[in-house]
Amino acid sequence: MPSVYFYLLATLLLSLNFVRPFGLAISDWFYFAALGLAFIETLFYEKKHFLCWTKNPLLLPATLILFGAIVSSLRTTNIRIAIVEIIQQIYVITLFVPLTWIMAKRGYTRLILQAFILSGLFTASIALIDFFFGSRIGPQLSATPNVHLWYRYAGTLGHPNKFGYFVTLTSILSLETWWNIQKALIKKTIWGMFL
């Protein structure tokens, strides 16, 4: 199904958060394409998965988040940013989670996790290149070439805290993958290098 390819490509490009054609991250455009295609595929070919869209158990928490965000935005100094944050949270809970749920139900969980790990490996590689060679590839890719991070590295994510969070998540998944490889020494060695 085409939506799977767009979803995997978006996950691979997740660490290029600041590459923003037409205002949105490149991964967001691919996720939107995957979302539209998955909805059409579910409607016409996989009606059994349609409950992922309508019976989302996170709808009540999303409503509470929306209520809390609206209340807290009443005293914000920048209403535009507050509205964007609200929309992002609602999008993740009401649309992105069901999309991921459908991909998992189709049996692509392992591929999705590997794409996520490779995205972390990519941004970690950029940070290592910047560290060892004194280059500024990470800041160029994250559109933050003039930001001074006091010798902290951010890979392609624009901020060391985001970088640390992203690499921590992908490292845990890499460790789990490495741990579960049975008898294949070459695979175990490759995943160990990734880790």
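At 80% relative accessibility, Phe22 counts as exposed, where exposed means over 50% relative accessible area, buried under 20% and partly exposed in between, with a 1.4 Å probe and protein chains only. Phe22 is found in the loop between helix H1 (2-12) and H2, and its phi is near 60°, a positive value in a residue other than glycine. Most residues other than glycine have a negative phi.

The model described here is predicted, and for that reason local features need pLDDT of at least 70 and side-chain atom pairs count only at pLDDT 80 or more, whereas totals for chains, interfaces and linings use all residues. Residues are numbered from 1 along each chain as its sequence is written, and side-chain values use heavy atoms, with hydrogens and water left out.

**The chain as a whole**

The protein chain has nine helices and zero strands; helices (H or I, at least four residues) and strands (E, at least two) are DSSP runs, numbered from the N terminus. The C-alpha atoms of the protein chain fill a box of roughly 55 × 50 × 30 Å, taken along the principal axes. Of the 195 residues of the protein chain, 32% count as buried. The accessible surface comes to about 12,400 Å², and 72% of that surface belongs to carbon and sulfur atoms, the areas being computed by the Shrake-Rupley method with a 1.4 Å probe, and for residues only the protein chains shown count as cover. Among the contacts in the protein chain with a separation of 6 or more, 63% are accounted for by residues 24 or more positions apart, a contact meaning heavy atoms within 4.5 Å.

**Salt bridges**

A search of the whole structure finds two salt bridges, each defined as a side-chain nitrogen of Lys or Arg within 4 Å of a carboxyl oxygen of Asp or Glu. In one of them the side chains of Glu41 and Arg106 meet at 2.8 Å, N to O. Glu41 lies in helix H2 (residues 26-44) and Arg106 in the loop between helix H5 (79-105) and helix H6 (109-133), so this pair ties together parts that are 65 residues apart in sequence. Glu41 counts as buried at 4% relative accessibility, and Arg106 is buried too, with a relative accessible area of 15%.

The side chains of Glu176 and Arg110 also meet in a salt bridge, with 3.5 Å from N to O. Because Glu176 lies in helix H8 (residues 160-180) and Arg110 in helix H6, the pair ties together parts that are 66 residues apart in sequence. Glu176 is partly exposed, with a relative accessible area of 29%, and Arg110 is partly exposed at 38%.

**Residues in their surroundings**

| Pair | Apart along the chain | C-alpha separation |
|---|---|---|
| Ala62 and Ala38 | 24 residues | 21 Å |
| Val19 and Ser142 | 123 residues | 6.6 Å |
| Ile126 and Ala154 | 28 residues | 8.8 Å |

Ala62 has its place in helix H4 (residues 59-73) and is buried, with a relative accessible area of 3%. Leaving aside neighbours within four places in sequence, Ala62 is in contact with Ile90, Ile93 and Thr94.

Val19, in the loop between H1 and H2, counts as partly exposed at 28% relative accessibility. Neighbours within four places in sequence set aside, Val19 is in contact with Leu24, Ala25, Ile26 and Leu141.

Ile126 belongs to helix H6 and is buried, with a relative accessible area of 8%. Not counting residues up to four places away in sequence, Ile126 touches Ile137, Gly138, Leu141, Gly155 and Thr156.

**A nonpolar patch**

Leu128, Ile129, Phe131, Phe132, Phe133, Ile137 and Tyr153 form a nonpolar patch on the surface, with about 730 Å² of accessible area together. Patches are made of residues with over 30% relative accessible area and no salt bridge, like charges being joined within 9 Å and nonpolar side chains (Val, Leu, Ile, Met, Phe, Trp, Tyr) within 5 Å. Helix H6 gives the most to the nonpolar patch, with five residues. Phe133 is found in helix H6 and is exposed, with a relative accessible area of 68%.
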